[in-house]
Amino acid sequence: MESGGKQAKEHLARAKAYFQRHDVMRALEAVVNALQVMQKGISGPDKMAADAALREMIGLLNRTEEISTRFPKGVPFKPGIERQLYTLFNQVLQSIRMAQEHESYTQTLERKQKLDRVLNYGCKLLEAGKVQDAEGAFQEAIECYVDEHSMFRMMGEACLAVKQPRMAAKYLKQAVKVEKDKERSGRLLVRALEESGNIPAARKLEAELKLS
């Protein structure tokens, strides 16, 4: 059975390797894992080696923004306080994770809001007859695209509504590629191809998608 001391040393070795790759989060996770083992108590040569490695890692982490902003004087270390250190570093880890999740949610919301804004603007430009400007707005929307697959179909429908079938086909081809249910976008693409005068391509697409 693997000793706790050996496990702790392995966690701390990984922590140092992550730190050297500038991956502070994973280094911190590895330190927390080591402390989880060490707080249960280890002894002998393994304890001395683990204590030395832990002292070194805490010194390195004290230099990071993640720790220095929370503990300007640094986190002190002395043998025997592994339980307190485990609680402290685990709280820091959870705090960082929550901040990252909040930032990710905020960034996603901002991206989706921008996508909706420029997509609607592009549709209004099309209605006003400003086709080139509309293409620019649609391109900006595409740059915000992650998994909003219906966006391409909406662009195609907007183009068809103002008699721009070639432009519509460009977006509807992408819609057919990304949407799981291809029938609706496929029928719109057939219409765009027909209105563009590309009847052979329309018939070929009907056969490929089994549209009747």
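Me: Is Ser 185 buried or exposed?

Reply: In this predicted model, a residue is called buried when its relative accessible area is under 20%. Ser 185 has a relative accessible area of 0%, so Ser 185 is buried. Its place is in helix 9, which covers residues 183–195.

Me: Which residues is Ser 185 in contact with, leaving aside its neighbours within four places in sequence?

Reply: They are Arg 153, Leu 172, Ala 175, Val 176 and Glu 179. With Glu 179 there is also a polar contact between the two side chains, at 2.6 Å.

Me: Which residues touch the most other members of the largest nonpolar core?

Reply: That core has 33 residues, and the ones touching the most other members are Val 31, Leu 54, Met 57, Leu 61, Leu 85 and Phe 89. Helix 1, helix 2, helix 3 and helix 5 each give two or more residues to this core, and the largest share, 11 residues, comes from helix 2. A second, separate core of 32 residues includes Leu 119, Ala 158, Leu 172 and Ala 202.

Me: At what angle do helix 2 and helix 5 pack?

Reply: An angle over 145 degrees counts as roughly antiparallel. Helix 2 and helix 5 pack at about 150 degrees, with their axes 9 Å apart, and they are therefore roughly antiparallel to each other. Their crossing is left-handed, and the residues making the contact include Val 31 and Leu 35 of helix 2 and Leu 85 and Phe 89 of helix 5.

Note on methods:
Residues numbered from 1 in each chain as written. Predicted model: local features only at pLDDT ≥ 70, side-chain atom pairs only at ≥ 80, totals over all residues. Heavy atoms only, no water. Helix = DSSP H or I, 4+ residues; strand = E, 2+ residues; numbered from the N terminus. Buried < 20%, exposed > 50% of the residue type's maximum accessible area, 1.4 Å probe, protein only. Polar contact = N/O pair within 3.5 Å; in protein donor to acceptor, adjacent residues only side chain to side chain. Contact = heavy atoms within 4.5 Å. Core = buried A, V, L, I, M, F, W, Y, C linked by side-chain atoms within 4.5 Å. Axes fitted to C-alpha atoms, helices over the stretch in contact; angles between N-to-C directions. Parallel < 35°, antiparallel > 145°, perpendicular 65-115°, else oblique. Left-handed = near helix turned anticlockwise from the far one by under 90°.
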